[in-house]
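Here are some notes to read with the model open beside you.

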Amino acid sequence: MAFSASGFVAAQFGPLCLHYNRPATYYEEALVIGNGTLGATVYGGTDKDILQLNDITLWTGEPEHEVTTPDAWKELPKVRESLFREDYRTASDQIKKIQGHYSQNYQPLGELKIEYADGGEVSGYRRWLDISEATLHNSYRRGASSVSTDYFASAPDSAIVVRLRSERPFRAKLSYETQLPNTTSAAERQITIDGYAAYHSYPGYHIVGGKSHAYDEHRGIHFRTIVRVEPKNGSVSSDASGTLQIDDCTEALLFVVNVTSFNGFDKDPVREGRPYKQLAQQRADRVAGQSYDHLLKRHESDYTEYFGRVSLNLGTTREDIRALPTDEQLLRYTLGNEPNPELETLYFQFARYLLISCSRTKAVPANLQGLWNRSLLPPWSCNYTVNINLEENYWASEVTNLSEMHQPLLDFVAAMSKSGAQTARAYYGVEEGWCAGHNSDIWAMTNPVGLQGGSPSWANWTMGGAWLSTHIWEHYTFTRDKDFLRAYYPYLRGAALFCMNFLVEKDGHLITAPATSPENTYIAPDGYRGAVLYGGFADLSMVRECLSDAAAAAKVLGTDRSLQKKMRATLSRLCPYRVGKAGNLQEWYHDWPDAEPQHRHQSHLFGLYPGHHISLDATPQLAQAAAKTLEIKGDETTGWSAGWRVNLFARLRDSRHAYGIFRKLLRYVSPDEYKGEDTRRGGGTYPNLWDAHSPFQIDGNFGGCAGMAEMLLQSTPTDIHLLPALPSQWPSGSVSGLCARGGFVLSFEWADRQVISLRIQARTDARTTLHFNGAAYPVKLKAGESKTIL
């Protein structure tokens, strides 16, 4: 940004800026900031500015103490008996008895409103988010006066900072609203809000007796929000309604802090909660004594330590296109009028910005909307949907050099293993290991949901623990951190133990029974459309990956030798994949058709991505069958599913389809589609670059980012492939800071689709084989050593 003579920002946008020429009208146009715990969705209005606030630890509910259906495991033999006599209707009814309670809801914190009393015509409006610095701005003229607002969410100071500036003195009223029970007061330049969330709630699609939330001031997560004003001049007054009035001021700083009583998944937030009131006041007092420049410097230093690790250049966009507002660029990109490599790069880096902004809280990972939510009953409770969405949130974390942002999920897996052991016993009669179902929440719930009335297609899935635990091995393969592996191996081991104990023998092979393939259904020979069967290949793919990872981890650690042998023996007995009559990779044990051939889920392709046991090199027949499956599914799907398919096609080295699906992921979603509430299922991208599932889900952003990286670099613990799925639209470019399995960081440049420069650095003593330009190059490096290959 450049400054005019008056000191106010003149909008000159760099390539890493989202920028617009009007305030946001709708949620899907607003811009977000976050420090990993506290975040805001900012509209940037000129008469009234709104900051919708969230704290990632503010959920309904309490710790998991009881099993909803303690004797559910007794139904399992009955379900299996029905399945093995091919009575799928009966099995589908019986399995509903193996269901427990639903997850809790992630809650909105509140809204800060800034209402300006000054008149005058507004002109020259600009609004922009600079993701290279994680700062948000707007500027305009009101009459003859220049006005600007700057926002950022500081992790070092645990606060949102807002600076209001005007060439001429302004007047503004600050007010705060929350949908939660609260008491609000204003005094001494401060608004204080004390409130609490419901101690229990139902999801929006399952409301009992017309009541979704149950409140008790002595139960549930409590919070204190403080809004502090520090004017440079003028005056600030308060009134009994809980508002603050700023008068005759040319510059004022606003500080927003919040602390909840949440103190861990297993701690009662009232009896064992954090001293949230004292902590909030301490943070407010501390930040209010700092200058804007000092706070900004601390914020930028912290943020750029992570964001600055990776740079990407896919080419230059024409200057006249780059000058257009981001939403107009997105529309033109969708219409296919001209290439826009800088928009594609912005999309990649925006996902990294989002992950830094929403995933820095211990054992509280990014949810379906990351950190940002406006509803008491958000879509799908804004929970942790474990059958793809939670995992997809973290696909880009390691490869794009944000390993620290992966840690909240890994700690959450550790928490889930505790209740998961209880779920394994109570619902499946398994005494060793742990498991998880379709949904979870901040309380690390793991039971199958549904309250004995949910559709088994989503409610009775058992492989959440198996899938999530693979992230432990994934983190190790990128970092080679043996201390980490030693500490987290028990959770990977526990997931593997559950898998081995849950398997049963059928026709000489080990399978799961019952099995489902998340949210998909088959058509049986008699025309029955069902979800429950035995030997589903989605289950088996996750079991295969989990056992392989656990055995590899045990070998690295030199432990559990007898268990390693047992895991390898189990792997050898798993029912092998089957190729159907259409040439597709079978999803069902029998070669049955899908009720929806173009269904958004493709869980049985897990072994291709994010798993590693299907590949063009090692299993070419299975890889070809996976490609056929994707061909049958077609190109039209939802946001997160498109993100997954970009990665799947990249693993198949099909650059044309990978890039084609990526373009669909960036399809412009117009206001006519989302104003009010977007209920389509067509995918795309909103004007603020959020993923449209629809509605907004953040997983598509992360999946798309991971897919772009996968087109540029793919790796195993022993090999690294450069430009394995490079689309023709990116003939030349460069990237620095991408990470590879085996513990390496790479920077390289390419021209005419050939690598022309390459530098590799090792995090630990390691060796690998580099593959590029049609040749293989063995490399052996010491920890911290780097080497220029080209």
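1. Start just past helix α6, where Gly336 takes a positive phi of about 75 degrees. A word on labels: helices (H or I, at least four residues) and strands (E, at least two) are DSSP runs, numbered from the N terminus. Keep in mind that this is a predicted model, where local features need pLDDT of at least 70 and side-chain atom pairs count only at pLDDT 80 or more, while totals for chains, interfaces and linings use all residues. Residues are numbered from 1 along each chain as its sequence is written, and side-chain values use heavy atoms, with hydrogens and water left out.

2. Now look at α6 itself. Its buried residues are Thr326, Asp327, Gln329, Leu330 and Tyr333; buried means under 20% relative accessible area, exposed over 50%, and partly exposed in between (1.4 Å probe, protein chains only). Seen down the axis of α6, these residues fall within an arc of 155 degrees, so they line one face of the helix. The arc is taken from the directions from the helix axis to the C-beta atoms. As for partners, the buried residues of α6 pack against β3 (17-20), α5 (319-322), α7 and α17, with contact meaning heavy atoms within 4.5 Å.

3. How do α16 and α17 cross? Their axes come within 8 Å, at a crossing angle of roughly 165 degrees, which makes α16 roughly antiparallel to α17. On the α16 side the contact involves Gly639, Ala642, Gly643, Arg645, Val646, Phe649 and Ala650, and on the α17 side His657, Ala658, Ile661, Phe662 and Leu665. For the terms: axes are lines fitted to C-alpha atoms, for helices over the stretch in contact, and angles run from 0 to 180 degrees between N-to-C directions. Angles under 35 degrees count as roughly parallel, over 145 as roughly antiparallel, 65 to 115 as roughly perpendicular and the rest as oblique.

4. Ala658, Tyr659, Phe662 and Leu665 of α17 meet Gly700, Gly704, Met708 and Met711 of α19.

5. Which residues touch the most other members of the largest nonpolar core? In this set of 234 residues, they are Ile131, Tyr353, Leu746 and Phe748. Helix α12 (residues 482-502) gives the largest share of this core, 13 residues. A second, separate core has 16 residues, including Phe152, Leu253, Phe255 and Ala280. A nonpolar core here is a set of buried Ala, Val, Leu, Ile, Met, Phe, Trp, Tyr and Cys residues joined through side-chain atoms within 4.5 Å.

6. Is Gln697 buried or exposed? Gln697 is buried, with a relative accessible area of 4%, and it sits in the loop between α18 (671-674) and α19. Leaving aside neighbours within four places in sequence, Gln697 is in contact with Leu368, Trp380, Asn389, Trp640 and Asp691. The loop between α18 and α19 also holds Ser694, and the peptide bond from His693 to Ser694 is cis, with omega near 5 degrees.

7. Pro610 is in the loop between α14 (561-573) and α15 (620-633).

8. Glu188, not a glycine, has a positive phi of about 55 degrees; it lies in the loop between β12 (182-187) and β13 (190-196) and is exposed, at 67% relative accessible area. Leu451, also not a glycine, has a positive phi of about 50 degrees, and is partly exposed, at 33%.
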